[in-house]
Amino acid sequence: MSLNRTLLGKKYEGTSYKVEFEATKKYALSYNDDNPAFVDEKRPGGVIAPPLFGVVFGAPAMVNAMFDSDLDVNVAMLVHGEQDMSFLKPVRPGDEITTIAEIGGMEDKGSGELLTIGTTSVNQKNEKVLVSKYGLFIRVGGSGKKTEKPPEPARGEIIFSRKMHVKVDQSHIYAEASGDHNPIHIDDNFAKSVGLPGIILQGLCTMAFASKAVIDEHLKKDPLKLKRLRVRFSKPVLPNDDLTTAGWIVEKKGSIVVLGLETSNQSGTVVIKDGIAEVSA
């Protein structure tokens, strides 16, 4: 069954979220980030939420769209394939965030369909703080025709690299902080029942690891300089994996530097590919 294309462009009722320090700190620590900008409430100027905290206040709106009964999504065959987030203003404890979701795209990928759900989040001043695109691949419903893969982008000279360890219980910790309790991340038996080797890490947690690499290694721990992060999840990450995120310069656009990113595990398997980070120069 294919996606219902009459719903392209449909918008959904907004969801509201009150940002609290304990929640933003818990989220930072769920991917092992102790940046003072996120966890030290006494620092001059106060704290901000980690950039990827946007998945916490944005996910309920996205889920509302994904579970629209008229959309005909086979959730059992759905995997999170891509994520693109633009960070427009910092989010701080005390903010009231409203998020609206929209069906942004449906694309035949041969072996399935790619559903894109966009979300836009504003604060209590009606200022846009985050625009996200969730790329959800449904492994059924495609035409069966093979689609040509675009050529791999050229990889430049590596200018930074960061290795980080995935804890044995990382997916459980991240589930509690993010609200992502999908059983493939917390139930070993269930994960194996759907063909996985066991529990796998949430893709968005892997993305958070990549954001930490960019902020710590390239931006000297200044999260306000990260303006956009886009990734494609190419392989699952397992507990006890060691992840290395490397970055290189793709181009410079005025005051913005575009970085290419790739994350691989200890075996050299690429788990995030086609990554892009846009940062302030």
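Analyst: A salt bridge is taken here as a side-chain nitrogen of Lys or Arg within 4 Å of a carboxyl oxygen of Asp or Glu. The model under discussion is predicted.

User: How far apart are the closest N and O atoms of R162 and E217?

Analyst: Side chains of opposite charge can pair when their charged atoms come close. A salt bridge requires a nitrogen to oxygen distance within 4 Å. R162 and E217 form such a bridge, and their closest N and O atoms are separated by 2.9 Å.

User: How many residues apart in sequence are the parts that R162 and E217 tie together?

Analyst: R162 belongs to strand 6 (residues 158-165), while E217 belongs to helix 7 (residues 203-218). The pair therefore ties together parts whose separation in sequence is 55 residues.

User: Which helix holds both D188 and K192?

Analyst: The side chains of D188 and K192 meet in a salt bridge, at 3.2 Å from N to O. The two residues are four apart, about one turn of the helix, and both lie in helix 6 (residues 188-193).

User: Which strands do R232 and D274 lie in?

Analyst: A salt bridge joins the side chains of R232 and D274, with 2.8 Å from N to O. The pair ties together parts that are 42 residues apart in sequence, because R232 lies in strand 7 (residues 226-233) and D274 in strand 10 (residues 270-280).

User: How many salt bridges does a search of the whole structure find?

Analyst: The pairs discussed above include R162 with E217 and D188 with K192. Over the whole structure, the search gives a total of 14 salt bridges.

User: Is E22 buried or exposed?

Analyst: E22 is found in helix 1 (residues 21-30). On the surface, E22 gathers with E20, D40 and E41 in a patch of negative charge. Its relative accessibility is 56%, and the cut-off for exposure is over 50%, so E22 counts as exposed.

User: Is T119 buried or exposed?

Analyst: T119 is placed in strand 4 (residues 113-122). Leaving aside residues up to four places away in sequence, T119 touches several residues, including M62, I100, L130 and Y134. Its relative accessibility is 2%, where buried means under 20%, so T119 counts as buried.

Definitions and conventions
Residues numbered from 1 in each chain as written. Predicted model: local features only at pLDDT ≥ 70, side-chain atom pairs only at ≥ 80, totals over all residues. Heavy atoms only, no water. Patch = residues over 30% accessible without salt bridge, like charges linked within 9 Å, V, L, I, M, F, W, Y side chains within 5 Å. Areas by Shrake-Rupley, 256 points an atom, 1.4 Å probe, with all protein chains shown as cover. Lys, Arg positive; Asp, Glu negative; His and termini not counted. Charge placed at Lys NZ, Arg CZ, Asp CG, Glu CD. Buried < 20%, exposed > 50% of the residue type's maximum accessible area, 1.4 Å probe, protein only. Contact = heavy atoms within 4.5 Å.
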